[in-house]
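Visitor: Please show me the model, and then let us go through it by question and answer.

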Amino acid sequence: MTDAARPREPHWRQPYMKAAAGETLRPGGFMLTDRAAELAGLAPGARVLDTGCGTGATVRRLRSRFGVFAVGADADMGQLAAAREKSLPVLCADGERLAVASGSMDMVFCECVLSLLPHSRKALMEFLRVLRSGGYLALSDLYALSGASCGSGQSCGCAQGAFGAGLLEDMVREAGFEIVVREDHSRLLKELAARIVLAGGSPCGTPSGYVFILARKKDDRHA
Amino acid sequence: MSVIRVPEADAGGWSCDRCGEELKPTPVNLEYMDSRFTVELPFCAKCGIALISEELAMGKMLEVEKLLEDK
Ligand SMILES: [Zn+2]
């Protein structure tokens, strides 16, 4: 077996992932998306950006369920092409340079994406820039439970970049947000691992948790 | 959430032990503690029973149970 020698394809590219995780390819599916939108009081017509939108499942969800004007951004041309086939508005951009005007967004979503980006702090600054003051950031991500690495020693593309518990919150605050809600949803990650097993994949062995953060861009006057 | 197709749980060629009816792949809800999964399993519509092979029960299902129990 030469399997151990070469890095494994990231989970989100694996064929079993869609069966295990549904269209969103992340723990909880739309559960935390809906929760964030409800907590933020997202109203019809609001301008929303989904970063790392992939094939646009969340953009479509936000449009249909909340009536907002949602746009997606992703750096993967193949994923974007799939989103465009569904007539969803998406733009090609990496998380650190979004081609969006400053202060133009009411809410930014970044679900299970931030720790995959090479420059997460820069990305947080960029989210802050595109948000209006008082606008919301919905963030969900893996966090590392201990220093242990993936049991297989392979790079599975998800937990390897995860931040330690607490670090993500510090980064969000340092970027200029105030944290409104922080919830632990590690159970959703375990359920996803179970679904991956049933669908024929092997989940990453890295001990990880899953956290949901709703943060707000501070009012300019107090900044 | 989506129905999970389990590669080992192919209904092809199986018939019900009790009544002989042909088993058809059917979404079945499995519950482990507080978690629920919809999985496609060979199912007898007459008896209302899903077939879970020993391979599946002692393999993946046990693995799933352990994953979810692990605190
Ligand atoms: Zn029967």
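Visitor: Which residues are the protein donors of the zinc ion?
Guide: In this predicted model, local features need pLDDT of at least 70, side-chain atom pairs count only at pLDDT 80 or more, and totals for chains, interfaces and linings use all residues. Residues are numbered from 1 along each chain as its sequence is written, chains are lettered from A and ligands numbered from 1 in the order in which they are written, and side-chain values use heavy atoms, with hydrogens and water left out. Donors are N, O and S atoms within 2.8 Å of the metal (3.2 Å for Na, K and Ca), and since water is not among the atoms, sites may look incomplete. Lying 2.3 Å from the zinc ion, the protein donors are the SG atoms of Cys16(B), Cys19(B), Cys44(B) and Cys47(B).

Visitor: What is the geometry of the zinc ion's site?
Guide: Four donors count as tetrahedral if all angles lie between 85 and 135 degrees. The angles among the four donor atoms of the zinc ion are 104 to 114°, so the site is tetrahedral.

Visitor: Is Cys16(B) buried or exposed?
Guide: Buried means under 20% relative accessible area, exposed over 50%, and partly exposed in between (1.4 Å probe, protein chains only). Cys19(B), at 32% relative accessibility, is therefore partly exposed. Cys16(B) has 12% relative accessibility and so counts as buried.

Visitor: How many residues does the contact take from chain B and from chain A?
Guide: Contact means heavy atoms within 4.5 Å. By that criterion, the contact takes from chain B 21 residues and from chain A 16 residues.

Key: Four donors count as tetrahedral if all angles lie between 85 and 135 degrees; four count as square planar and six as octahedral if opposite donors are over 155 degrees apart and all others between 65 and 115; anything else is irregular.
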